[in-house]
Amino acid sequence: MSDILIVDDERDIRELVSDILEDESYATRKAANSEECMAAFEDAPPALLILDIWLKDSQMDGIDILKTVKRDYPEVPVVIISGHGNIEIAVAAIKQGAYDFIEKPFNIDQLMVVIRRAMETSRLRRENTDLRRKDVGATDMVGTSPAFRALTSQLDKVTKSNGRVMLTGPAGSGKEVAARYIHANSNRASAPFITVNCASIEPERMEDVLFGREGSERGVEPGLLEQADGGVIFFDEVADMPSGTQSKILRVLVDQQFVRVGGTDKVKVDLRVVSATNRDLEQEIKDGNFRQELYHRLNVVPICVPSLADRREDIPLLAEYFIEGFNQSQGLPLRELSEDAVALMQTMTWPGNVRQLKNLVERVLILGDTTDPIQAKDLPSEEEKVETEGRVVLSGALATLPLREAREAFEREYLLTQINRFGGNISRTASFVGMERSALHRKLKSLGVVTSNKAGARVARVENEEETEETA
């Protein structure tokens, strides 16, 4: 609502203030006591509350109403008026979260100045809330690989529920995008999506940030839990949450309520929780760094977000998506990808996963300053393996082997890379490397290369290498 609610036990004062405001083109509602006031809020919260401190024949006085409003409707500014005002009451009201304090009999010009400022504050808060609810974070899921399709299938199954989801996967793999996808496709899509980066918040500030604070000079300061009410709160890198905060968050998950730092009143919230980590939480529990009870509360639906290495088929699509995005957001050149650039990108190692790919694309577009297609030579080399005249530089280990063993090692690594590049598709690999499919199968068998399922996709590995790793 964009109207102003006037609460005063004196009818003449209510009517006077209402007439003044309506002359200034403001819509108003009036209430004589706390019951009528709270009924008006339940009907529709106003943009501004003008509240008398002393209310006759009322269950709550002005300070009690102020506390209730700031607890349940923190976005509504409250202007206190009183004929019995003094500095102590003014300070008490401001500490409880009042926007300002005016004594009766009030000066009309002074009243209008305060109201205009308070209404502007209300407008800005509403706009901020709307922006927060719309959220500017990316929710597009890009890919066609088997591993990607397996991921989106799992995400689609949880979007319509309120179940807590634990997203695991390496850093940069897109866990926050997955969390935003859940939110955007849920029945909470119009409500806030609030991110808590547990790794970046100082441990001593964590509880203020999460639960908010009251009683300070700035009055009531809502925390991130309160801001997320009705929507989704995303605990990113949850393994970094301080141990003392973990027990309090556990209680919030159980009761859906908490007390602000420095306060006594309980704040009720309706939250869906999504969390993410790139660490092994079960090992963190064994090491005494994470509460087992909290883990079980958060890990209701575990979903693994695959690494970029497990979805190499998606690299061209992701790169094209980033190119278009940088063109729209930064005006960078809209460049195509050449076949050799695609081939190189699909065979590179990506320890930073999708985030690293995005950064690489941005760097190439900035430094290239051209609309020509991106070539392999435009991409930064992981290692300087090719000299300017095109000679291959051998690694130290390969250079020490006899020709037959070196050739076998090269062929093994080359074919492993190509098979994984094409998502385990032997036909596409054979076509690219220029071999008959049957001949490729024979070559793979002689090299001890096999394929198996991982993260919903076919990946190549050296036969028995997993067993070797386990016994090492």
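## A parallel sheet and its surroundings

Phenylalanine 235 sits across from serine 275 of strand S13. That's a handy way into this predicted model. S13 (residues 272-277) runs parallel to strand S10 (residues 232-236), and four bridges join the two.

Zoom out and you get an open sheet of five strands, ordered S7-S10-S13-S6-S14, with parallel pairing. Strands S7 and S14 stand at the edges; each has a single partner strand, so one side of each has no neighbour in the sheet. From one strand to the next, the twist averages 20 degrees. Helix H6 packs on this sheet, where it touches S6, S13 and S14. The direction of H6 makes about 155 degrees with that of S14.

Here are some of the elements with their residue ranges:

| Element | Residues |
|---|---|
| Helix H6 | residues 146-158 |
| Strand S6 | residues 165-168 |
| Strand S7 | residues 193-197 |
| Strand S14 | residues 301-304 |
| Helix H13 | residues 315-330 |
| Helix H17 | residues 403-421 |

Next, the loop between S14 and helix H13, where you'll find aspartate 310. Is aspartate 310 buried or exposed? Its relative accessibility is 14%, so aspartate 310 counts as buried, the cut-off being under 20%. The C-alpha atoms of aspartate 310 and serine 145 are 8.9 Å apart, although 165 residues separate the two along the chain.

Over in helix H17 there's tyrosine 414. With a relative accessible area of 32%, tyrosine 414 is partly exposed. Together with Phe410 and Phe432, Tyr414 makes a nonpolar surface patch of about 300 Å².

Terms used. Residues numbered from 1 in each chain as written. Predicted model: local features only at pLDDT ≥ 70, side-chain atom pairs only at ≥ 80, totals over all residues. Heavy atoms only, no water. Patch = residues over 30% accessible without salt bridge, like charges linked within 9 Å, V, L, I, M, F, W, Y side chains within 5 Å. Areas by Shrake-Rupley, 256 points an atom, 1.4 Å probe, with all protein chains shown as cover. Salt bridge = Lys/Arg side-chain N within 4 Å of Asp/Glu carboxyl O. Buried < 20%, exposed > 50% of the residue type's maximum accessible area, 1.4 Å probe, protein only. Pairing = 2+ DSSP bridges. Axes fitted to C-alpha atoms, helices over the stretch in contact; angles between N-to-C directions. Contact = heavy atoms within 4.5 Å.
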